[in-house]
Each structure stands twice: as C-alpha cells, then as structure tokens.
Amino acid sequence: MLDGNLDEDVEAELQVEAPEEVTEGETADLTCKTTCSLTDPTFIWYKDGRPLTTKTIKNNQLHLQRVSSEDAGRYSCAGRGSQHLHSTAHSLRVRYPPKRVSVSISSSGEIVEGSSVTLTCSSDGNPPVKIYTWFKGSTSVGEGKTYSIPNIRPEDSGEYTCWSRNDHGERNSTAVLIDVAYPPKNITVSINPSGEIVKRSSVTLTCSSDGNPPVNIYTWFKGSTLVGEGKTYNIPNIRSEDSGEYICWSRNDHGERNSTFIQINVLYPPKSVSVSISPSGEIVEGSSVTLTCSSDGNPPVKIYTWFKEGGTSSVGSGQNYSIISITADHTGLHYCEAQNDHGALNGTVMVSFKSRSSSAVWFAVGGGSFLLITVLICICRINRKKRRSDKHDDENTDPNAQDDTYTALQPTARSSDDVYHTLAAVQSSSPDDPYTAQDPQTRSPEYDTPAVRSTH
C-alpha cells in the first residue's frame with residue numbers, strides 16, 4: 001500500500017523505461033518506475049492491455065530473454081492493489097528478418113500452354129521486405145514482389161521459390177510447383193529390329209511422345225489406312241505387302257499430333273519369275289531368238305543364270321539370253337534362275353522351231369495352186385472363144401463337123417476321165433510330193449503346234 005491515499009496523480013507517477021527498438025534475438029529489460037513510496041513494491045506488467053504471466057518479472061523489471069517479433073507491442077505496469085491505475089504504455093518495436101514467406105499463383109486451376117501466370121510473394125519482416133528474388137530450381141529468373149510468365153510454355157514447368165530480404169536477414173518461401181498442360185509434341189517412332197527387315201520376320205513399331213497429361217491414345221496408319229491402336233504396333237510374319245510408310249497419331253485432353261513417316265522396306269527373295277521370247281511369232285530354223293527373264297525381288301535381282309534341260313552347266317548369264325541361228329540342238333526346255341541376297345527361283349520356257357524344208361513345201365504348194373488356177377482360166381477363155389466360132393461356122397458348113405484342135409479343150413466333147421487326165425498332167429508328182437501337206441489328214445503334226453510355248 002502507498003503511504004497515505006493515492007490521488008489522481010498516481011498514474012502520472014508510474015512510467016516504463018525501455019528501449020524503443022530491439023533486434024530479434026537480443027535481450028531487453030523494461031523497468032517500472034515511480035516517485036511514490038510503496039508499502040508493497042510489487043508490480044504487475046501488461047502487454048497490449050493484458051496481464052503478463054509467462055515473462056520473468058523481478059522487482060520492478062520485466063526481463064525479455066532473446067526477443068522475438070512476437071514481443072513487439074505496448075507495455076505498461078501497475079502496482080499490486082492498484083491494478084486499475086496503469087502507467088503510460090510504452091511501445092516496443094522489434095526488428096526481425098523476413099518470415100512467413102509464401103507464394104500465391106494467379107491461376108488457381110489448370111495452367112495450359114499459352115496462358116499467362118503471375119506469382120506473388122508475401123512475407124512478414126521489420127523493416128518490411130523490399131527485395132524479392134525469384135528462382136526456378138536454383139536459377140534466378142526474376143525480381144520484384146511479383147513474377148509474371150506471359151504465354152507460358154511447357155519449358156516453364158517446375159518449382160519456383162521467392163527469396164525475401166531486409167536489413168536483418170533473408171528467407172525463402174517454400175517451393176510452388178507450376179505444371180503446364182499441353183498437347184502432344186516431339187512424336188517419334190522407333191522400329192525393332194533396327195536393321196534389315198526380312199520377309200517372315202516380326203517387327204514392332206513403338207510410338208513415343210511428350211504431352212501433359214501423358215498421351216493415352218495412339219493410332220497407327222499405313223499411308224491413309226488405319227491399321228492399329230496402342231503405344232506399340234506389331235507385325236508378325238511380315239510380308240512384302242507390309243512395305244510402306246507408317247505414322248503414329250498421339251492424343252491427350254489438349255490436342256493431337258502425328259509423327260513423321262517411318263519407312264518399312266521388307267526384303268524378300270525373287271518371286272513371280274517368268275520368261276518371254278522375242279520375236280513372239282513363229283520361229284524358223286536359222287533365225288535369232290532372245291529369251292528375257294523377269295522377276296520381283298527386294299533387293300532387285302541382279303544375278304540371272306540360264307540353263308537348258310538335260311545340260312550339266314549353264315548356257316548363259318544376264319537378264320537376256322540370245323540364241324543366234326537357232327538349230328535343232330536349241331529346242332527343248334530352257335529355264336532362268338533369278339537370284340538376290342535372300343534366295344533364288346526359276347522360270348521356264350519351251351523353245352521349238354519350224355525347219356526350212358517345211359517352209360519350202362508350203363511355198364511349193366502355194367505356187368502349184370497358182371499355176372493350176374491360171375490353166376483353168378485359160379481353158380475357160382478358149383472354150384468361150386470356140387463357142388462363138390462354132391456358131392459362125394454352123395451357118396456356112398456342115399453342123400456335124402468337129403474341129404479336132406478344139407475338141408481336146410472342150411470339156412463337153414470329152415469324157416470325165418479325159419478332163420481329169422489333163423489336170424493331172426499339170427500337177428503330176430511322186431508319192432512323196434510335198435503338196436500332200438495340204439491334206440489335213442496327211443499333214444505333219446508339227447504344223448498344228450505353235451512354234452513357241454512358254455511355261456511359267
């Protein structure tokens with residue numbers, strides 16, 4: 001208790017002595033002083049109007065060990081028993097480095113490629129933070145309380161932090177993740193095996209792409225024809241027909257894109273081997289003939305070897321085989337062996353010809369026929385002229401008279417045996433006469449057979 005009664009001036013007699021500003025981490029002592037004599041020199045301390053119970057109070061001093069930013073405030077004191085009579089409040093300021101540093105993103109939803117994003121840094125510090133530095137990972141990317149990314153790209157994805165600094169220190173925010181969504185890009189196709197692709201082997205195409213979210217729809221095309229779906233496309237037991245250009249289409253929630261074409265070139269041994277003959281018409285003994293071998297193979301056939309049936313060795317090489325002045329020795333089955341790096345296959349052809357003696361027979365028959373027709377025409381003309389003469393003579397002579405000269409040529413005046421005898425004299429021949437070839441029943445079978453037959 002005070003000696004005597006406290007009056008209105010007691011509040012004015014209490015005051016707090018303390019530094020106005022202290023740095024976080026230091027020690028501070030606040031003293032409550034009075035000019036009055038107190039019977040109970042016990043003091044109660046207040047911060048921002050609320051009694052302090054957790055601080056060290058010794059006599060009239062309030063001791064702040066290792067001051068923190070939370071110790072900043074308005075302090076006052078009062079004597080016990082007169083708690084309603086406080087001293088004038090004293091403001092204690094605490095200097096401290098940035099704390100509670102955080103980053104906010106302007107776009108709270110999904111960040112899509114091409115959009116704009118702003119990052120804002122917030123912090124608590126005394127004095128207030130004025131220097132902000134932005135980092136993407138460990139790389140400095142900007143300064144200032146805000147950091148803007150216009151037309152954001154997939155490359156801007158990553159973790160961003162804000163470093164805040166004042167006169168008493170610096171502190172960084174926790175990292176904030178920017179995840180940019182974008183359609184597929186960098187589409188590539190790999191092929192297994194990577195070397196030569198041989199007929200009947202197995203081939204796998206794999207499509208790779210970069211997209212966010214990851215691509216989950218893959219479509220395969222050969223040219224413009226849909227052939228499959230999925231990240232991989234398998235071709236077991238590949239055939240030559242599978243050769244061509246393949247492309248992969250990739251799609252996610254933000255778009256689609258295709259790969260560049262990849263070429264599949266299937267290698268296979270020769271097939272469809274055939275042999276043609278030039279000239280294509282009738283082949284006559286002594287003429288020249290060229291045999292040409294054609295084939296389909298990959299790589300293209302470059303080795304052609306010619307054989308004749310019954311022979312023990314080849315008769316020629318190259319895509320063409322020529323027979324100069326064909327003879328009976330050349331007749332028979334010829335075949336061409338077409339070969340590339342992956343196998344060989346044969347094609348055959350039958351070579352036959354017509355001898356020159358047969359051609360002469362046909363020429364003689366044609367010439368004899370012409371001669372016979374000429375004789376018959378002459379006989380007809382003589383007969384006609386004789387009829388006119390006989391008519392004129394009948395008027396002046398005996399109608400029963402006959403001219404022996406014309407009798408031989410007048411068919412009506414002769415017997416049938418005489419007529420045929422005359423014709424036979426024109427065409428007389430021995431039993432081996434080649435004209436008999438005109439009789440279908442006596443003609444040699446070789447004239448009913450085409451001169452050339454090809455077999456494939």
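How many Å² does the accessible surface of the protein come to, and what share of it belongs to carbon and sulfur atoms? The total is about 27200 Å², with 49% on carbon and sulfur; accessible areas here come from the Shrake-Rupley method with a 1.4 Å probe, and for residues only the protein chains shown count as cover.

A word on the ground rules. This is a predicted model, in which local features need pLDDT of at least 70 and side-chain atom pairs count only at pLDDT 80 or more, while totals for chains, interfaces and linings use all residues. Residues are numbered from 1 along each chain as its sequence is written, and side-chain values use heavy atoms, with hydrogens and water left out.

As for confidence, pLDDT is the predictor's own confidence in each residue, on a scale from 0 to 100. The protein averages a pLDDT of 80, and 75% of its residues reach 70 or more. Residues 1-11 sit below 50, and beyond near neighbours in sequence this stretch has 15 contacts in the model (a contact means heavy atoms within 4.5 Å). Over residues 392-456 the pLDDT also stays under 50, and the model has 63 contacts beyond four places in sequence for them. Where pLDDT is low, the predicted coordinates should not be read in detail.

Now the overall make-up. The protein has four helices and 34 strands; both are DSSP runs numbered from the N terminus, helices being H or I over at least four residues and strands being E over at least two. Of the 456 residues in the protein, 30% are buried, where buried means under 20% relative accessible area, exposed means over 50%, and partly exposed is in between (1.4 Å probe, protein chains only). Taking contacts in the protein between residues at least 6 apart in sequence, 62% join residues at least 24 apart.

Three bridges hold the antiparallel pairing of E6 with strand E7 (residues 61-64), and Lys58 stands opposite Gln61 in E7.

The other open sheet also has four strands, ordered E19-E27-E28-E31, but its pairing is mixed. Strand E19 (197-198) and strand E31 (320-323) are the edge strands here, each pairing on one side only. Inside this sheet, strand E27 (residues 266-278) runs antiparallel to strand E28 (residues 289-298), and the two pair over seven bridges. Ser276 stands opposite Thr292 in E28.

Then there are the cysteines. A disulfide is a covalent bond between the sulfur atoms of two cysteines; the cut-off used here is a pair of cysteine sulfur atoms within 2.5 Å. That rule gives four disulfides. With the bonded cysteines of the protein numbered in sequence order, the pairing reads 1-2, 3-4, 5-6, 7-8.

One of these disulfides joins Cys32 to Cys77, with an S to S distance of 1.8 Å. The angle about its S-S bond is 70 degrees, and the link of Cys32 and Cys77 is right-handed. Cys32 belongs to strand E3 (residues 28-34) and Cys77 to strand E8 (residues 73-79), so the pair ties together parts 45 residues apart in sequence. Cys32 counts as buried at 1% relative accessibility, and Cys77 does so at 0%.

Another disulfide is formed by Cys121 and Cys162, whose sulfur atoms are 2.0 Å apart. At -95 degrees about the S-S bond, the link of Cys121 and Cys162 is left-handed. This pair links distant parts of the chain, with Cys121 in strand E11 (residues 117-126) and Cys162 in strand E15 (residues 158-166), 41 residues apart. Cys121 is buried, with a relative accessible area of 0%, and Cys162 is buried at 0% as well.

Cys207 and Cys248 also form a disulfide, their sulfur atoms 2.0 Å apart. The torsion about the S-S bond of Cys207 and Cys248 is about -95 degrees, so this disulfide is left-handed. Because Cys207 lies in strand E20 (residues 203-212) and Cys248 in strand E24 (residues 244-252), the pair ties together parts that are 41 residues apart in sequence. Cys207 is buried at a relative accessible area of 0%, and Cys248 is buried at 0% too.

Definitions and conventions
Two strands pair if DSSP finds at least two bridges between them.
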